[in-house]
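Please view the sequence and the structure first.

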Amino acid sequence: MKAIFDARQWHHDPKHFMANGRQQPNPEQPKRIEVLKAGAEAAGCQFEEPKDAGLGPIAAVHTAEYLTFLKNIYRRWQYIDGAGEEVIPNIHPANRRDGYPKSATGQSGYHQADTACPIAKGTWEAAYWSAQSAISGADLLIDGGQSGYVLARPPGHHAFADMAGGFCFLNNSGIAAQRLRAAGLRPAIVDVDVHHGNGTQGMFYGRDDVLTVSLHADPDRFYPFFWGHTQERGEGRGMGYNLNLPLARGTDDAGFLKALNTGLERVTLFGADVVVVALGLDASVDDPFQGLAVTQDGFSRIGAAFAALGIPVLFVQEGGYLSDSLGVNLTRCLSGYQAAL
Ligand code: ZN
């Protein structure tokens with residue numbers, strides 16, 4: 001399987017992470033790259049560098065206002081007297097329609113949904129090349145490839161059209177799906193990350209030409225809390241084109257696979273001719289987030305389930321954090337897919 005990665009993705013090295021009222025090391029560490037790359041190579045992936053397709057395919061799903069913020073905010077932040085090393089919001093609008101502040105602090109609160117997406121010197125560059133990797137991944141399929149893997153890091157599925165959040169800045173899966181759509185294909189995005197793909201849902205919520213499906217730990221008691229419930233089905237033309245499948249904490253392989261089959265049936269009935277898998281590996285029983293309990297064998301079966309769709313599949317890396325099985329889970333998923341073709 002062909003795979004895409006750019007070394008500039010190493011340049012994002014976030015430090016700040018606040019959970020349960022305590023400052024902790026940020027789990028979205030660059031070291032993930034090493035582990036995931038080895039895991040993909042063990043499944044036979046051959047890596048290439050992405051081409052630079054420019055900002056057009058990114059701006060097709062993100063607002064120009066947000067991209068202006070993301071590209072410039074680190075430099076602007078340095079003008080604040082005594083500013084910290086990373087751009088982290090300390091105030092959020094109660095209502096996002098209430099005007100748009102001029103100050104760096106105000107815009108940080110407007111465009112960063114939480115404190116888990118700190119922006120430092122290399123963040124824009126890493127996010128840009130992560131997104132370009134997803135675009136080149138989509139191009140593999142547009143050019144007739146049957147599958148591909150994108151090592152996208154920082155991840156993307158919590159990033160909305162105009163808002164970062166949860167380690168994510170540019171929505172790589174959404175950008176890839178839009179790239180496929182622009183080429184005349186009919187994409188579905190299936191998000192198997194343990195966290196709900198709220199940014200992806202938000203991005204396509206009013207659209208009927210890109211189906212969004214997400215399996216995740218029930219957000220009643222799990223990040224991102226405010227999104228991911230079953231009643232969120234889309235709006236306007238998009239009503240009925242978003243499917244959320246929240247799972248009880250600790251759900252095992254059998255429960256996960258059953259919900260995945262429900263999601264994949266929707267993909268088939270949508271008439272999708274290509275699938276973007278938002279491939280979080282943090283549903284693993286070994287993941288530090290401890291939301292669900294998918295085993296290594298479960299990841300193999302998840303890969304096989306996507307092969308059974310019989311249409312081209314692009315795997316785009318989302319979450320999945322350092323544990324003894326992170327790399328193995330990726331190997332098993334991609335190998336399970338290839339073995340079932
Ligand atoms: Zn996640």
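Does D297 count as buried, exposed or partly exposed? At 41% relative accessibility, D297 counts as partly exposed, because that value lies between the cut-offs of 20% and 50%. The model is a predicted one, and the count of salt bridges in it comes to 13.

**D297 and R332**
- A salt bridge joins the side chains of D297 and R332, with an N to O distance of 3.3 Å.
- This pair links distant parts of the chain, as D297 belongs to helix 9 (residues 296-307) and R332 to helix 10 (residues 326-339), 35 residues apart.
- R332 has a relative accessibility of 29% and therefore counts as partly exposed.

**R237 and D208**
- The side chains of R237 and D208 form a salt bridge at 3.1 Å, N to O.
- Distant parts of the chain are linked here too: R237 is in the loop between strand 7 (211-217) and strand 8 (242-247), while D208 is in the loop between helix 7 (198-204) and strand 7, 29 residues apart.
- R237 counts as exposed because its relative accessibility is 61%, over the 50% cut-off.
- D208, at 21% relative accessibility, counts as partly exposed, since buried would require a value under 20%.

- R32 and E28 meet through their side chains in a salt bridge of 2.7 Å, N to O.
- Both of these residues, R32 and E28, are buried.

Methods:
Residues are numbered from 1 along each chain as its sequence is written. This is a predicted model: local features need pLDDT of at least 70, side-chain atom pairs count only at pLDDT 80 or more; totals for chains, interfaces and linings use all residues. Side-chain values use heavy atoms; hydrogens and water are left out. A salt bridge is a side-chain nitrogen of Lys or Arg within 4 Å of a carboxyl oxygen of Asp or Glu. Buried means under 20% relative accessible area, exposed over 50%, partly exposed in between (1.4 Å probe, protein chains only). Helices (H or I, at least four residues) and strands (E, at least two) are DSSP runs, numbered from the N terminus.
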